[in-house]
Amino acid sequence: GMMMSLGTETIADEKGVKISELRPRMKNVNIVFMVLEKFPPSKTKEESVIHPFLVADSTGCITMSIWDKIGELIQPGDIIRLTNGYSALHKNTLMLYSGRKGVLQRTGEYTMVITEQPNMTHAQWEVDATNNWVMKA
């Protein structure tokens with residue numbers, strides 16, 4: 001999918017992006033992924049529960065945080081379409097979020113081609129001379 005650059009914030013192509021195309025601070029992220037792993041949840045000060053997941057598509061994987069009840073319901077093996085999600089750096093690691101405006105739906109499919117490389121959460125990011133996010137070599 002093509003991306004339109006707005007300084008360091010990018011708006012993803014409506015048709016959707018692949019995990020390997022994710023960059024920090026992307027909005028309106030539409031993506032289909034398979035849930036590979038569910039990590040132990042943590043609580044925020046406001047008593048919300050954050051459920052972290054490892055999710056993948058055919059281009060790579062990334063850690064995604066899903067809050068509260070929806071996060072509780074999602075299980076490894078689910079194939080999910082995220083509409084209007086966003087990406088952000090958390091402690092300098094790239095994460096995918098559904099956020100308040102995001103919509104998560106199971107696609108009803110059971111199989112999907114996935115790869116675990118590269119893991120986008122392990123990448124280090126910097127802003128280049130043209131104000132775009134690039135992965136550090």
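Contact here means heavy atoms within 4.5 Å. The model shown is predicted.

**Figure 1**
S65 lies in strand 7. Leaving aside neighbours within four places in sequence, S65 is in contact with I50, H51, P52, M95, L96, Y97 and S98. H51 is 14 residues from S65 in sequence. In space the two are 5.5 Å apart, C-alpha to C-alpha. S65 has a relative accessibility of 7%, so it counts as buried, the cut-off being under 20%.

**Figure 1. T63, another residue of strand 7.**
T63 is found in strand 7. Its bridge partner is L54. Neighbours within four places in sequence aside, T63 is in contact with P52, F53, L54, L94, M95, L96 and T121. Is T63 buried or exposed? T63 is buried, with a relative accessible area of 14%.

**Figure 2. Strand 7 and the strands beside it.**
Strand 7 covers residues 60–67. It pairs with strand 6, residues 49–57, through 8 bridges. Strands 6 and 7 run antiparallel. They form a hairpin, with 2 residues between them. Strand 7 is also joined to strand 9, residues 93–97, by 3 bridges. Strands 7 and 9 run parallel. Here M64 stands opposite L96 of strand 9. Why is strand 7 described as largely enclosed by the rest of the structure? Because 7 of its 8 residues are buried.

**Figure 3. The largest nonpolar core.**
In soluble globular proteins, nonpolar side chains tend to be buried together. The largest nonpolar core in this model has 22 residues. Those touching the most other members are I19, L22, I31, F33, V55, I62 and L96. Strand 4 (29–38), strand 6, strand 7, strand 8 and strand 9 each give two or more residues to this core. Strand 4 gives the most, with 4 residues.

**Figure 4. I31 and the residues it touches.**
I31 belongs to the group that touches the most other members of the largest nonpolar core. Which residues does I31 touch, not counting those up to four places away in sequence? They are V17, K18, I19, L22, I80, R81, L82 and L96. Among them, I19, L22 and L96 also belong to the group that touches the most other core members.

**Figure 5. The largest pocket.**
The largest pocket has a volume of about 510 Å³. Its lining is made up of 17 residues. Y86, S98, G99, R100 and K101 lie nearest the centre of the pocket. By type, the lining divides into 6 nonpolar, 7 polar and 4 charged residues. Strand 7, helix 1 (68–73) and strand 8 (79–90) each supply at least two lining residues. Which element gives the most to the lining? Strand 8 does, with 3 residues.

Most residues other than glycine have a negative phi. K91 is not a glycine, yet its phi is positive, about 50 degrees. K91 lies in the loop between strand 8 and strand 9. The relative accessible area of K91 is 75%, so it is exposed, the cut-off being over 50%. N131 is not a glycine either, and its phi is about 70 degrees. Where is N131 found? N131 sits in the loop between strand 11 and strand 12 (133–135). N131 is partly exposed, with a relative accessible area of 36%.

**Figure 6. The cis peptide bond at P118.**
Most peptide bonds are trans. The bond from Q117 to P118 is cis. Its omega is near -5 degrees. P118 lies in the loop between strand 10 (103–106) and strand 11 (125–127).

**Figure 7. The whole chain, for orientation.**
How many helices and strands does the chain have? There are 1 helix and 12 strands. From the N terminus on, the order is β-β-β-β-β-β-β-α-β-β-β-β-β. The chain has 137 residues, and 39% of them are buried. Among contacts with a separation of 6 or more, 53% join residues 24 or more positions apart.

Definitions and conventions
Residues are numbered from 1 along each chain as its sequence is written. This is a predicted model: local features need pLDDT of at least 70, side-chain atom pairs count only at pLDDT 80 or more; totals for chains, interfaces and linings use all residues. Side-chain values use heavy atoms; hydrogens and water are left out. On a 1 Å grid over the protein atoms alone, a cavity is a set of points where a 1.4 Å probe fits but cannot get out, and a pocket is an open set with protein on both sides within 12 Å along at least five of seven lines; lining residues have an atom within 4 Å of a point. Grid points are joined across faces, edges and corners, and a volume is the space filled by probe spheres set on the points. Ala, Val, Leu, Ile, Met, Phe, Trp, Tyr, Cys and Pro count as nonpolar, Asp, Glu, Lys and Arg as charged, and the others, Gly among them, as polar. Buried means under 20% relative accessible area, exposed over 50%, partly exposed in between (1.4 Å probe, protein chains only). Two strands pair if DSSP finds at least two bridges between them. A nonpolar core is a set of buried Ala, Val, Leu, Ile, Met, Phe, Trp, Tyr and Cys residues joined through side-chain atoms within 4.5 Å.
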